[in-house]
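Good morning, and thank you for coming. Please keep the structure in view as I speak.

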Amino acid sequence: MNKSLLLAALATLLSLPVQAADSQPLSRGEVRMVDIASQKITLRHGPISSIGMPPMTMVFEVEKPELLEGISVGDRVDFQAKQQANRFIVTELHVTK
Ligand SMILES: [Cu+2]
């Protein structure tokens, strides 16, 4: 294998985790509490594969306050969350019909 092929193969390998993170499926949840003032939402959620979390009920921060617009207790939602140290942050949130 020549050097440029090797570099191309390496670049492909290195880019894989990024692509996998982008294509993570949304997780399912049900809204238990919405706290607009502190930008937090309590969800009873299913498994979150992107951060390896089993189903539970817990509080998340939201990345942007707009994510909480139109969200009510009892809504079923699809969402995406990320972990930053010991903080869990919702980055995407949609009510499912
Ligand atoms: Cu959890």
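Ile41 in S2 is the bridge partner of Val34. Those two residues belong to a pairing in which S1 and S2 run antiparallel over six bridges; strands count as paired if DSSP finds at least two bridges between them. Strands here are DSSP runs of E with at least two residues, helices are runs of H or I with at least four, and both are numbered from the N terminus.

Before going further, a word on provenance. This is a predicted model, in which local features need pLDDT of at least 70 and side-chain atom pairs count only at pLDDT 80 or more, while totals for chains, interfaces and linings use all residues. Residues are numbered from 1 along each chain as its sequence is written, and side-chain values use heavy atoms, with hydrogens and water left out.

The next pairing is S2 with S3, again antiparallel over six bridges. Within it, His45 has Met56 in S3 as its bridge partner. S3 and S5, by contrast, run parallel and are joined by two bridges, with Glu61 partnered by Ile89 in S5. Overall, five strands close into a barrel in the order S1-S2-S3-S5-S4, with mixed pairing. On average, neighbouring strands of this sheet are turned by 55 degrees against each other, direction ignored; the axes are lines fitted to C-alpha atoms, for helices over the stretch in contact, and angles run from 0 to 180 degrees between N-to-C directions. Along the sequence, the pattern is α-β-β-β-β-β.

Which residues coordinate the copper ion? They are His45 through NE2, and Met53, Met56 and Met58 through SD, at 2.0 to 2.6 Å. Donors are N, O and S atoms within 2.8 Å of the metal, or 3.2 Å for Na, K and Ca; water is not among the atoms, so sites may look incomplete. The angles among the four donor atoms are 102 to 120 degrees, and the site is tetrahedral, a label that requires all angles of four donors to lie between 85 and 135 degrees. For reference, the ideal angle for four tetrahedral donors is 109.5 degrees.

In sequence, the donor residues follow the spacing H-x7-M-x2-M-x1-M. Because His45 lies in strand S2 (residues 40-45) and Met56 in strand S3 (residues 56-62), the pair ties together parts that are 11 residues apart in sequence. His45 is buried at 3% relative accessibility, whereas Met56 is partly exposed at 32%. Buried means under 20% relative accessible area, exposed over 50%, and partly exposed in between, with a 1.4 Å probe and protein chains only.

Two backbone details deserve mention. Most residues other than glycine have a negative phi. Gln39, in the loop between strand S1 (27-35) and S2, has a positive phi near 55 degrees. Ala85, in the loop between strand S4 (76-84) and strand S5 (87-95), also has a positive phi, of about 55 degrees, and is exposed at 67% relative accessibility.

Finally, confidence. The mean pLDDT of the chain is 86, and 76% of its residues reach 70 or more; pLDDT is the predictor's confidence in each residue, from 0 to 100. Over residues 16-21 the pLDDT is below 50, and beyond near neighbours in sequence this stretch has zero contacts in the model, a contact being heavy atoms within 4.5 Å. Where pLDDT is low, the predicted coordinates should not be read in detail.

How values were computed:
Four donors count as tetrahedral if all angles lie between 85 and 135 degrees; four count as square planar and six as octahedral if opposite donors are over 155 degrees apart and all others between 65 and 115; anything else is irregular.
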